[in-house]
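Here are my notes on the model, as promised. Have it open in your viewer while you read.

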Amino acid sequence: MTAPIETTGAEAGAQPEAVLSGVKKSQIEGRSLTQIAWMRFKRDKVAMAGGVIVILLVLMAVFSKPIQWIFNLDPNKFNQDLIDPALLAPKGGWGGMSWDHPLGVDPQYGRDMLARIIDGSWVSLLVAGGATLLSVCIGTVLGVVAGYYGGWIDSVISRLMDTFLAFPLLLFAISISASVQDGFFGLEGLPLRICVLIFVIGFFSWPYIGRIVRAQTMTLRKREFIEAATSLGARGPYVLFRELLPNLVAPILVYSTLIIPTNILFEAALSFLGVGIAPPQASWGGMLSNAVDLYTADPQYMFVPGLAIFITVLAFNLLGDGLRDALDPRSK
């Protein structure tokens, strides 16, 4: 019979070998899904650059009025002395660029282009953000309901999606925007136009995210945690909003960042067609519309707002791609 091995007090209280070898607690500590996603996102330098640009654009839009006040920028101030009446173009080269007007002036009234770009940023981002929020809310609710309940509810919502997708959105937006220009629900002027653009763009684009959420919900409803919640007596609303929606945050967030640039372009297109934001309020699409008849005399008048739209759309797309890769565990 083998004698039992005796251990001393020091040996009995000895720590694991990993600790003895000098490994710190933080090095073996587990990470949450959020921390893992953030680590993956930080490795993507292009997505990080896009995120930084998006943050700067949002800050410029939110603080556009204070920025104009601090730097004494007036987007509607006429400077006719800076315009050559014979050529109908700004005096000097590069669209009248100078220390006082870093991006030049417009060839009609000599208004500062930098001030108008800053003043138009909050309009574009407000319309795009509001329309995205509206479409995400409608599409998420109807998509998760259709995907979870199925049956005739899914059939009705799916046919509704097909109906909305069949609408000629651009023509419908032009007709609605033109018909309510005089006033609607007590609103008029700039607030009315912003609300109409948000409603038209957001209300008729929800089926896109609705289909994505519906497909994800149909996959998740067969998972074990949904069956466990149902077997414990959880009702439909609880399962929808407490079990399913938290697991749909990642695709919804990614799609939102990808649809914002589309809405920015759509708002610019409506302003370009003359049914969007009306002057004297500056908007990037409106500036492009005014530049159509004047770009031969002053090409920079079209280049500056076009570049602003390009940078904004590119930054949001890069951010969306980075978020998709960071939140998708199957991506490398």
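The points below go from the overall picture to individual contacts.

1. Ground rules. This is a predicted model, so to speak of local features I need pLDDT of at least 70, side-chain atom pairs count only at pLDDT 80 or more, and totals for chains, interfaces and linings use all residues. Residues are numbered from 1 along each chain as its sequence is written, and side-chain values use heavy atoms, with hydrogens and water left out.

2. Overall make-up. The protein has 15 helices and two strands; these are DSSP runs numbered from the N terminus, with helices being H or I of at least four residues and strands E of at least two. Of its 332 residues, 40% count as buried, where buried is under 20% relative accessible area, exposed is over 50% and partly exposed is in between (1.4 Å probe, protein chains only). Taking contact as heavy atoms within 4.5 Å, residues 24 or more positions apart account for 74% of the contacts with a separation of 6 or more.

3. One helix pair. Two packed helices are described by the angle between their axes and the distance between the axes. For helix α6 (residues 113–149) and helix α12 (residues 236–244), the axes come within 11 Å and cross at roughly 115 degrees. Axes here are lines fitted to C-alpha atoms, for helices over the stretch in contact, with angles from 0 to 180 degrees between N-to-C directions. Which residues make the contact? On α6 they are Val144, Val145, Tyr148 and Tyr149, and on α12 they are Gly236, Pro237, Val239, Leu240 and Leu244. By class, that gives eight nonpolar residues, one polar and no charged (Ala, Val, Leu, Ile, Met, Phe, Trp, Tyr, Cys and Pro count as nonpolar, Asp, Glu, Lys and Arg as charged, and the others, Gly among them, as polar).

4. Leucine 57. You'll find this residue in helix α4 (residues 45–62). Leucine 57 is buried, at a relative accessible area of 12%. Not counting residues up to four places away in sequence, leucine 57 touches Leu125 and Thr312. Leucine 57 and leucine 125 sit 68 residues apart in sequence, yet 8.7 Å apart in space, C-alpha to C-alpha.

5. Aromatic pairs. Rings of Phe, Tyr and Trp (its six-membered ring) pair if their centres lie within 6.5 Å; planes under 30 degrees apart count as stacked, over 60 as edge-to-face and the rest as tilted. By this rule there are eight aromatic pairs. One of them joins tryptophan 38 and phenylalanine 41, stacked at 6.0 Å centre to centre with 25 degrees between the planes. These two are three residues apart in helix α3 (residues 33–43), so about one helical turn separates them. Tryptophan 38 is partly exposed at 45% relative accessibility, while phenylalanine 41 is buried at 9%.

6. Phenylalanine 199 is partly exposed at 40%, and phenylalanine 203 is partly exposed at 26%. Both belong to one aromatic cluster, together with Phe164, Phe204 and Trp206.
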